[in-house]
Amino acid sequence: MARQQFQYDESGGTFYYFILSFLALVLIPTTIYSWPRKKKEDPEKLKQECQCSDCLKKKTILASADPYRALKSVLVKAILVLGWILLIFLTYRVSQFDYEMASFDPFEILKIEPTSSMAEIKKAYRKLSVVLHPDKETGDEKAFMMLTKAYQALTDEVAKANYEKYGNPDGPGAMSFGIALPSWIVEKENSVLVLGLYALVFMIALPSVVGMWWYRSIRYSGDKVLLNTSHMYFHFILKTPHMLLKRALMVLAASLEFDKRHNSQVIERQSDNEEVPALIRQLPNLNEKCKEHPLCRMYSIKTRAILHAHLSRIPLNLETLEKDRQFIVKKCPYLVQEMVSCVHQIVMLAYARRAPRLPSIETIENCMKMSPMIIQALWEFKSPLLQLPHITEDHLYFMNKKRHIKNLQQFAQLSSEESRHLLKSLPDFEYENVMKVLGQMPLVDFSIRCEVIDDENTNVVTAGAIVTVTVTLIRQDMKTLFGNSKVPQKQSIKDDEERVEEQEGDGVGVGAAPIKKQAPWSKMRKGKGGKGGKKPGSNQKRKPNPPKNAAASGNTDMQEQSKLNSEADSDADGSDLDEKDSVSGSEDENDKQTKNISSLTVDDDDEEWEKLQAKLNKREKFEGKSRISHTVHCPFFPEEKQEYWWTYICDRKSRTLLTAPYYVTNLVEREEIQLKFTAPRWPGVYTFTVCLRSDSYLGMDQQQELKLDVQKAPAPPTEHPQWDLSESEPEHNDQQESLSDYPTDTSDEEENSE
């Protein structure tokens, strides 16, 4: 075997192979995904969109938000075209490497036939050598070398043998290795330049870029909110545990994202010295003379004035304050979510005795209220019907006078003739816009189910157990209520208004009360007499019919709600009640149902175990959770907005929060959320509230009562009497004293004593 020889590729040809491969790997997918394309607008989708003047202005704002879009498209196309040109050039350059030796043919080089004699070969060589010799004017050194090799391959015996065997008159080529760098990098003359370039890139530029990125990133939280802003929220929430809505707006306006010193995007103009005071004079109750820092800072007062003008729908100067309004309103949803998160963290710290005072449930709910107010540009006390296009205060007065319409659900349940009569002052085009937007608004069926997953009997809640409340949300469009031939009676509307007033007193919005039926246990009798025995006859006569809104809409999912509510009722009372027995308040029937629990068969236990395992196998995907649901109609919000929801459990009597507000961002059709909390330490009947709040619409909030019959926890097993736990008892007692108790309803205590 011949000895191998190794040569280093000093020409740097390997670098071209590397660049060609790298460019192809980057250029092909980039062209597929980044080539600018014009979006084809669906005509059906355009028909469903609102065409009111405010929505058209919003489209103009969205289009002007990226003025260099056409230029960016041209630049992207130019870069991609240049990349493909470079790729084609490199492909051609690589294909020419060693092409001469790969296609070496001595007869073609000498321009003779393969059957030529030796004399003809020599004659052709002499003729061409005179022309191609380097000393001649027409000489070509490279071509002359190829001519010499071709002549040797046909005349010299050794060269001829090598050509016939290896295809090269010089014999087998030596194995060569190359480095994927250009040749000038390995040249000695350029060593100083190369070292300087390496030092500039890896010792100066790269550390500087990483340092700048790190310095900027540590100033923000995970939701891209300044940490100093979060600290300010903590300060004011601890300072004002019972924060009113206007106070929350003041704190929101003081966010450091609106301060020029902390955010370079903020624009300060000379005209603000005249326009802002003039705007403040138009706004009542702005409290611009507040002396607290940073609420008294000029940027905070300006932001507060712009937010008040936004909520009052006051037009602003298009060239100055209107641009500031768009900038401020865009950031508000993220800041509101951060404020809600801060309130929840303080509540958890207060439970752990690490915070001095516990914020009330009204504080976190007032923070949540700001989101739909800002997105819809409406104050909380305004009618939810103003979220519809073309609706004015005059229309509201006429609608309230004729039909006592107070919310969107009542208006959607009207027949087409009545709704058109109430809006007879609107032309047909505007009326179609109103009904189009109303039909696309959400109609959420809100149901709950309570159980104790970790215990053997999931329907019995014991003291200190982990209670799991499964919240089921079924989202439909409001147009499912359209087309009802039967007009809602005046009495039903009055009942709806009474329920609306009750919810307003509890601190929850008025949206879903007219069409969402309360849970069965919220209407059961608390006892045969006393405070809890109001209207016992109506509860005894009630039949397990599906809700009226389900019958009106013809939706089978709504009809299953009564069954879900009855199951939740059985969970709360610790018994396996069927649908008919769940609405009965007699004690004999409750005793029968208690006996049925103890007489379950093994097959039923297996079915329950399978259901339990199915629930345990479902895990929430916190990472990568979709944030696409349904587009919100919000013409005064300068960006596209998806509708999100908060759901949580609270105790209205003690005004405390029991679970963290879960932010539902992917409610497209149906979603299930599990909320967990620890049951009270003392046995008794407790009433909690499960709430659902919209972050995009006013009047869509719902709540349901959750009544828990907490039983005494079973005594711990005494299988090991030799264990001495006396030393740990004082510590255990101290821990019990540190825990906060849940208040018990006095009427429930009277019922238990009876």
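**Exercise 1. Determine how far helix H16 is enclosed, and check its length.**

*Solution.* Step 1: In this predicted model, helix H16 covers residues 361-376. Helices (H or I, at least four residues) and strands (E, at least two) are DSSP runs, numbered from the N terminus.

Step 1: Buried means under 20% relative accessible area, exposed over 50%, and partly exposed in between, with a 1.4 Å probe and protein chains only. Of the 16 residues of H16, 15 are buried, so the helix is largely enclosed by the rest of the structure.

Step 2: The expected span is 1.5 Å times one less than the number of residues.

Step 3: After H16 comes Ala377, with a positive phi near 55°.

**Note on the model.** Residues are numbered from 1 along each chain as its sequence is written, and side-chain values use heavy atoms, with hydrogens and water left out. Because the model is predicted, local features need pLDDT of at least 70 and side-chain atom pairs count only at pLDDT 80 or more, while totals for chains, interfaces and linings use all residues.

**Exercise 2. Describe the sheet that contains strands E3, E5 and E9.**

*Solution.* Step 1: Two strands pair if DSSP finds at least two bridges between them. The three strands form an open sheet in the order E3-E5-E9, with antiparallel pairing.

Step 1: Strand E3 (442-451) and strand E9 (670-678) are at the edges; each has a single partner strand, so one side of each lacks a neighbour in the sheet. From one strand to the next, the twist averages 20°; axes are lines fitted to C-alpha atoms, for helices over the stretch in contact, and angles run from 0 to 180 degrees between N-to-C directions.

Step 2: Strand E5 (residues 466-477) is joined to E9 by nine bridges. Val467 has Phe677 in E9 as its bridge partner.

**Exercise 3. Locate Thr659 and identify its surroundings.**

*Solution.* Step 1: Thr659 lies in the loop between strand E7 (656-657) and strand E8 (662-664).

Step 1: With a relative accessible area of 4%, Thr659 is buried.

Step 2: Contact means heavy atoms within 4.5 Å. Neighbours within four places in sequence aside, Thr659 is in contact with Tyr648, Ile649, Leu675, Lys676 and Phe677.

Step 3: A polar atom of the Thr659 side chain lies 3.0 Å from the backbone nitrogen of Ile649.

Notes. A polar contact is a pair of N or O atoms within 3.5 Å; within protein, one must be able to donate a hydrogen and the other to accept it, and residues adjacent in sequence count only if both atoms are side-chain atoms.
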